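Visitor: I have a model open and want to learn how to read its features. Where do we begin?

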Amino acid sequence: MAFDWRIVEEKWKEKWLREGVFNADPEPSRPKVFITFPFPYVNGRLHVGHGFSATRLDVYARFKRMQGFNVLFPFAWHWTGEPIVGAAERISKGDEKIIRTLRLIDKVPQEEIEKFTDPVYMARYYMRENKKTAIDMGLSVDWRREFHTSSYHAAFSKFVTWQFNRLKKLGYIVRGTHPVVWCPHCQSPTGDHDRLEGEGVSPELYTLVKFKCNDVFLPAATFRPETIFGATNIWVNPDAIYVEAEVDGERWIVSKPTVLKLREQLRRVEVLRELKGSELLGLMCKTPLTNQSIPILPAKFVDPESGTGVVFSVPAHAPYDWLALRDLKRSPELLKGYGLDPKIVEAINPISIIKVEGFGEYPAIEVVDRLEVKDQADPKADEATRLVYKKEYHTGVMKENCLSYSGLKVSEAKERIAEEMKRAGLADQLYDLPEKVVCRCTTKCIVKVLADQWFLKYSDPEWKAKVKKLLSRMRMFPEAARNYFFEVVDWLRDWACARRTGLGTPLPWDPSWIVETLSDSTIYMAFYIVAKYVNMGLLRPENLTEEFFDYVFLGEGSLEEVSKATGLSPQLIDEVRREFLYWYPVDLRGSGKDLVPNHLTFFLFHHTAIFPEELWPKGIAVNGIMMVEGEKMSKSKGNFVTLKDVIEKYGADAVRCTLMIAAEDMDDPDWRSDACKDIREKLDQVFKFISSVASMPSSGAAGPLERWLLSRLQRRVKAVTEALEQLKNRTALEIALFEIWNDVRWYLRRTQAPCKEALLEVARTWVRLLAPFAPFMCEELWSLLGGEGFVSKAPWPSFNEAKVDYFAEASESLVQQVMDDLREVLRATGMAPSTAHIYVASKWKWDVYLRALEASSPREAIKVAHQVAKELRAKDPKIVQKIAVEASSVGGERREMRLKAGRLDEYEVLTSAKDFLERELKFEVKIWREEGEKVYDPRGRRFNAIPYKPALYLE
């Protein structure tokens, strides 16, 4: 039967929607599972990364639904923040880069792009398009609960207002002065999801070590103030523009970009003059603490945008410094070009100040040599820097030439030296970004110290303790992610929760600010319950008062008072409250590991702040980040893959399976087009086979082969179920698609008369095991097989141990082993034999083998084998040793199978498979008992036979 997946997918998604198959309402008699996925931004099309994370959860939702759970899997859309407004602004400016991307990657018609200057129009366009894609993808969503964020959804805005008033009342939103990532154009803090570049980058505090040069200070920015004792020179970029400026009454020389940073960090700055970095070369500076004279030298690696554009050099302990110094020593003509005497550089020698285990005097030089770093531009210089810094910070000890700090661990000396230099006026501080951050409006961001700004108080120790309590008890997929969350909770600082521009909900007590994009998306899972009633027209924004949310979510207030305050009937309010208590808490929330440092952790913080413990989330699933053909996915690279494109090309089932087979746990999946083509072909083969089973005439009776097939099927059911329970989707799909297919193909090779009843049982079970992964194909097959209703709601196959036939499995594994051994001999020898002689082990060897198989360790197996052999008066200790070693090497499922199968009559098993072996191998096969009479064995091979490893002789 031909399989037109386009027709099949259209047919079943229409049926699912028409019959509301995935709509979920409270059923107190059934256990529930509430699964949520972070709502996507609507500034572009859904891509394969969205597809991976969402399908991972959808597979689990479908699995649980088939297990009989009442599953709610809702969906919504994120409008908040700068992403949409930033894109619209770029389009209005005629930004060719984004317009070309919209046209070529998102395939937006030109007439629509022209309307994208209105961010609301753009958001509605992508929301409509992406909903269609989510439906095309087969996501089993209850669309009655759909909503979007921002003030353009008045009901959701009311919910955010309630949430923020509540947090402020509880003391979790405070006013303070903190460093934030700041967009000078938008005049707003720029959260992770409001950035084009630099997601996850936070302000870092640099120590500014002040080097005096005549009557001016050169403040050098560093993360390693303890290395001041090893300073040999100052680096500046000779081509950069610097300024001499009064900074809080003190005269400094810094790079020109530093002026804005200082001013935005509440410093008074008056620029006196500009100068080129080359004008500073050759001047001498005094080091703080040691009062040594050191020269200013040129270095192109110094970035005027980073820190202050002034760096002090410690070549013994900083690979970049050593490389720059080495380059200058090798290029005296370069120094002369700047009017410098090369003897200045020749006289500089590294100063060792830190003793490090595993290194000599100069760790930076040793690592540079070991990694064969060529020069400052070599990417391996970054790796060298990381190696030295990590080793010195964790194991280094300050040497005797470090004054009163000698003997201190580097980790202790770093903080102490910085603080003492600041107190003595020898150092200052500056916040900066360790990596480039670009706002969605395309402006490069800086650090601003915001005074009297509103912050979420994530630094609160008591709040952190509540989150850790939740983390310690919730389910985590994979378990390795738990420590990642604990680390984030430990370092998380106060978070600016409002911005000036973008879409969103006005801050309730100061409407000139808007709640920022990551702060309004923390407990919205609760709003899915309310959204159903809003979308039905039963709740209007004006009904959603503080009293309404207090009662529905927290049980506060009386029903009568809330009814008066909202104008709603007590019955409706009580119904919403009961529905909320049925679905909450969230059972599983999942997304990529890039959201652990922000959204997923904020989700935990806000739930512990607002809800009682019994309503705290129960589980989180964390997955890897999508790659495309081995590289990071990026629109700028041109390797951005939209779900719409690949669904149209390969079909949703093939896309879903390709994504799920790509990775599990926190491994990064890799989208490969060739892999999707292969999966498409595999699914077509499965469809063709199962549809043929549905129409095949009755034939063949059940026998040992059918018992083997159905036994293997039960093992597959058990393995797939166990994998899905742990969100091991790749493992589950490999078994459900490939291993069952291998079992079926082996069966069809082995039998001359397939049994329809056995194959129908396999087909009905197989279709259900594949249904969470390839739901469209499986609905069609379920219908062809005469299954009742939708396969999406059919009962999940349950493991039936009574159908596990260990003897049949052991017998068939022997046939497979002999086939493999014979093929290996043919491959190794290149023979074209006319006859294969197979010798099966004698009874006494089986006695030894089965006793050795019971042993708990290889040593015990050898001991037991020799004891049994002695009792049986066996005369060949070498073969006994061989049997023991073979038995002890068998583990897991194979060991259980052989133990429970017991003794096989290998002669009978192989004799019954003789025709099959001859058919497959194209030569005559003869089976002999080792202890039989008149055995043909010209080379004495039969004595080498052991259980499950017959001896072979080919001629």
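Guide: We begin with contact, which means heavy atoms within 4.5 Å. Keep in mind that this is a predicted model. Now take Glu372, which touches Asp378 and Lys380, not counting residues up to four places away in sequence.

Visitor: Where is the place of Glu372?

Guide: Glu372 sits in the loop between α12 (363-371) and α13 (380-395).

Visitor: Is Glu372 buried or exposed?

Guide: Exposed means over 50% relative accessible area. Glu372 has 59% relative accessibility, so it counts as exposed. Sequence and space can be read together here: Glu372 and Ala384 are twelve residues apart in sequence, and their C-alpha atoms lie 9.8 Å apart.

Visitor: Now the whole chain. How many helices and strands are there in the protein chain?

Guide: The protein chain holds 35 helices and 32 strands. Its C-alpha trace spans about 110 × 80 × 50 Å along the principal axes. Of the 955 residues, 59% are buried. Among contacts with a separation of 6 or more, 77% join residues 24 or more positions apart.

Visitor: How do I read two packed helices?

Guide: Two packed helices are described by the angle between their axes and the distance between the axes.

Visitor: Which residues of α30 and α31 make the contact?

Guide: From α30 come Asp847, Val848, Arg851 and Ala852. From α31 come Ala861, Val864, Ala865, Val868 and Ala869. By class, the contact of α30 with α31 has seven nonpolar residues, two charged and no polar ones. As for the spacing along a helix, an α-helix has 3.6 residues a turn, so residues three or four places apart point the same way.

Visitor: Give me another pair. At what angle do the axes of α23 and α26 cross?

Guide: The axes of helix α23 (residues 652-662) and α26 cross at roughly 125° and come within 7 Å. The two helices, α23 and α26, are therefore oblique to each other. The crossing of α23 past α26 is left-handed. Cys657, Met660, Ile661 and Ala662 of α23 meet Asn729, Arg730, Leu733, Glu734 and Phe738 of α26. The contact of α23 with α26 divides into six nonpolar, one polar and two charged residues.

Visitor: Next, cores. Which residues touch the most other members of the largest nonpolar core?

Guide: A nonpolar core is a set of buried residues joined through side-chain atoms within 4.5 Å. The largest one here has 177 residues, and Val48, Val655, Trp671, Trp766 and Met777 touch the most other members. Helix α26 (residues 729-750) gives the most to this core, with ten residues. Look at Val655. Leaving out residues up to four places away in sequence, Val655 touches Met137, Leu643, Val646, Ile647, Tyr650, Trp671 and Cys676. Apart from this core lies another, of 81 residues, among them Phe39, Ala155, Leu492 and Ala526.

How values were computed. Residues numbered from 1 in each chain as written. Predicted model: local features only at pLDDT ≥ 70, side-chain atom pairs only at ≥ 80, totals over all residues. Heavy atoms only, no water. Helix = DSSP H or I, 4+ residues; strand = E, 2+ residues; numbered from the N terminus. Nonpolar A, V, L, I, M, F, W, Y, C, P; charged D, E, K, R; others polar. Buried < 20%, exposed > 50% of the residue type's maximum accessible area, 1.4 Å probe, protein only. Axes fitted to C-alpha atoms, helices over the stretch in contact; angles between N-to-C directions. Parallel < 35°, antiparallel > 145°, perpendicular 65-115°, else oblique. Left-handed = near helix turned anticlockwise from the far one by under 90°.
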